[in-house]
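Welcome! Let us walk through this fold together, one element at a time.

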Amino acid sequence: MRIAVTGSIATDHLMTFPGRFADQLVADQLHTVSLSFLVDNLDVRRGGVAANICFGMGLLGTRPILVGAAGSDFDEYRAWLDRHGVDTGSVRISEVLHTARFVCTTDADHNQIGSFYTGAMSEARLIELKAVADRVGGLDLVSIGADDPEGMLRHTEECRSRGIPFAADFSQQIARMNGDEIRILLDGATYLFSNEYEKGLIEAKTGWSDEQILAKVGHRVTTLGARGVRIERAGHEAIEVGCPEEEIKADPTGVGDAFRAGFLSGLAWGVGLERAAQVGCMLATLVIETVGTQEYTLRRAHFMDRFTKAYGHAAAAEVHTHLG
């Protein structure tokens, strides 16, 4: 199964604030907020939602196709992804802009404040999926993640016109999109990804109820934080999958991307929705135990031991067939 993942390619600048953001906010002065946080450390990491998802899929051996735009500073990052099983042949390189950057501060309660510089990502709108499909011999699924908004709209419309199944995954871009744009991006999606908060925001902005949205997508996949994930289909009972026990909670950045990497890999393997969600939750657990979005390793024996403990021997036997 050939899966293309579109979305941002970026570097993450991650900082840690030892206090609580909530203690610094004055309720009646929020309209004039002016704050500076003295942070303890700075980690510069590889990131971007599409690159993060592809990295996880590469570790799982499913050879994802990364589709996005980066700057001329991408060479080292490209080599990293290539070494970890990602097809980077469809990345557009800008002649004038740097690769996008995400700057994020996490407080003691694991709340986050972040900013995102678009950079070369603005050129994602110039990428044609037909060229990607022709290069790799066709596409079975395109996951359309947070990216240049015009690029997201173009990829969605092209998937519809060419009959390519697609997954709608707005994540960070929901905040700047209006209801009309969100309606276009989700209508007809085979999968709609969001977390609980984004789920409510999608419904509020579109004016569509949960039932109306379920009638417009094949599957609604909602991540529930520490409670795992819920998968809904119109006319079917919801599937709920819990998370494996964490060994440590180091950094929540990239956990949602890791879940998607595991879930999409499960789809590529052809396992059922529940099993794919379990793989996603296991991979997400590895990421929350690590600082950075692509700093974790996948030791197969360790992965399978923890997967077995969380989901049982029958589930593990099916996954082990594909993971090897």
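Helices (H or I, at least four residues) and strands (E, at least two) are DSSP runs, numbered from the N terminus. What you see is a predicted model, in which local features need pLDDT of at least 70 and side-chain atom pairs count only at pLDDT 80 or more, while totals for chains, interfaces and linings use all residues. Residues are numbered from 1 along each chain as its sequence is written, and side-chain values use heavy atoms, with hydrogens and water left out.

**Around strand β4**

The table shows how each is joined.

Between β4 and β5 the chain passes through helix α2 (residues 75-83), a β-α-β crossover that is right-handed; that is, with the strands pointing away from the viewer, the path from the first strand over the helix to the second runs clockwise.

Is β4 buried or exposed? Buried means under 20% relative accessible area, exposed over 50%, and partly exposed in between (1.4 Å probe, protein chains only). Six of the six residues of β4 are buried, so the strand is largely enclosed by the rest of the structure. In a regular strand the side chains alternate between the two faces of the sheet. In β4, Ile-65, Val-67 and Ala-69 point one way and Leu-66, Gly-68 and Ala-70 the other, and all are buried.

**A covered helix**

Helix α1, residues 49-59, is mostly covered too, with 11 of its 11 residues buried. Among them are Ile-53, Cys-54 and Phe-55. After α1 comes Gly-61, whose phi is positive, near 85 degrees.

**The cysteines**

How many disulfides (pairs of cysteine sulfur atoms within 2.5 Å) does the structure hold? It holds zero. For Cys-159, the nearest cysteine sulfur is that of Cys-54, 14 Å away; Cys-159 is buried, at 1% relative accessible area. For Cys-243, the nearest is that of Cys-281, 4.2 Å away, and Cys-243 counts as partly exposed at 32% relative accessibility.

Terms used. Disulfide = S-S within 2.5 Å.
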